[in-house]
Amino acid sequence: MSMDCQRFLSIPILAVILLLGFVYYATVFIFINDWVGLQTSAGFLNALIFTSLVCLFLFSFSIAVLTDPGHVPSSFIPDVEDTVSSDQELQKTSSQVSQCDKCSAYKPPRTHHCKVCRRCVLRMDHHCLWINNCVGHWNYKAFFLLVLFGTTGSIYSTVMLISSGFHKDWDFGERVPLKIFYVCCGAMMVLLSLTLGTLLGWHVYLIIHNMTTIEEYELHGWLGNLGRVIDIHLMLESTKTLPWYWVQTC
Ligand SMILES: [Zn+2]
Ligand SMILES: [Zn+2]
């Protein structure tokens with residue numbers, strides 16, 4: 001197995017794949033099948049659209065996991081003289097060109113050091129537990145698309161579940177376990193859609209303002225904090241990296 005593929009061997013990634021498999025099976029073989037049947041053209045079309053969304057999600061997910069988020073070339077030396085034409089710009093440029101204490105190397109503007117990856121990442125957004133990789137310059141697009149397809153797929157699955165639930169004849173007593181299954185799945189899908197939808201909204205806001213999560217946090221602490229709170233995987237990440245941070249600072 002190549003080094004890159006070993007990135008998939010992490011519990012959060014396996015959890016994402018398991019959850020995706022469960023949601024796919026339930027949506028196609030339970031909700032759509034119970035609602036209109038997979039043999040009908042409406043059932044087939046809905047199953048086809050949902051399968052395409054799942055494939056697009058898996059493709060973006062794999063790219064986000066496997067792509068190098070962006071490393072600083074070891075030969076990088078800031079070219080201050082070329083870019084400077086006035087004193088004001090010199091001040092600006094010299095404040096942008098900084099050095100990383102841990103890597104003992106120059107950092108281009110918008111680069112941050114990731115404690116988990118133990119290296120500097122170009123235009124780092126955050127380290128994402130769910131893709132076992134940093135979100136940076138080279139995989140931001142894949143990360144954004146995976147959030148977009150994830151949100152669309154979750155909402156689609158929720159609509160299929162609700163349509164199927166309303167269509168079903170619930171009058172039989174023996175259907176109680178199925179009722180419980182529908183209610184639990186419904187609660188899970190609504191929660192998933194809201195979480196991914198909020199994360200999508202946050203990244204649309206960041207793209208419009210040409211910012212990263214880290215920069216937003218540094219510029220407007222409270223708004224960045226809000227971003228961190230809605231970015232549920234950042235919350236999990238901060239609890240996960242806390243012991244690591246202690247090791248590093250001690
Ligand atoms: Zn560094
Ligand atoms: Zn990282």
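Two residues are in contact if their C-beta atoms, placed from the backbone, lie within 7 Å. Keep that rule in mind for this predicted model. Take the contacts in the protein chain with a separation of 6 or more: 62% of them join residues 24 or more positions apart.

Now the overall layout. The protein chain holds nine helices and six strands. It has 250 residues, and 27% of them are buried.

Next, the interior. In soluble globular proteins, nonpolar side chains tend to be buried together. Here the largest nonpolar core has 39 residues. Ala64, Ile131, Phe143 and Leu146 touch the most other members. The most comes from α5, which gives nine residues.

Look at Phe143 for a local view. Leaving aside residues up to four places away in sequence, Phe143 touches Ala64, Ile131 and Val135. Two of these partners, Ala64 and Ile131, are also listed with Phe143 among the members that touch the most others.

Finally, follow α6. This helix has 33 residues. From its first C-alpha to its last, α6 reaches 48 Å, close to the 48 Å expected at 1.5 Å a residue. Which residues of α6 are buried? They are Tyr182, Cys185, Met189, Ser193, Leu196, Leu199 and His203. After α6 comes Asn210, with a positive phi near 50 degrees.

Conventions:
Residues numbered from 1 in each chain as written. Chains lettered and ligands numbered in written order. Predicted model: local features only at pLDDT ≥ 70, side-chain atom pairs only at ≥ 80, totals over all residues. Core = buried A, V, L, I, M, F, W, Y, C linked by C-beta atoms within 7 Å. Buried ≥ 20, exposed ≤ 12 C-beta atoms within 10 Å, placed from the backbone. Helix = DSSP H or I, 4+ residues; strand = E, 2+ residues; numbered from the N terminus. Expected span 1.5 Å × (residues − 1).
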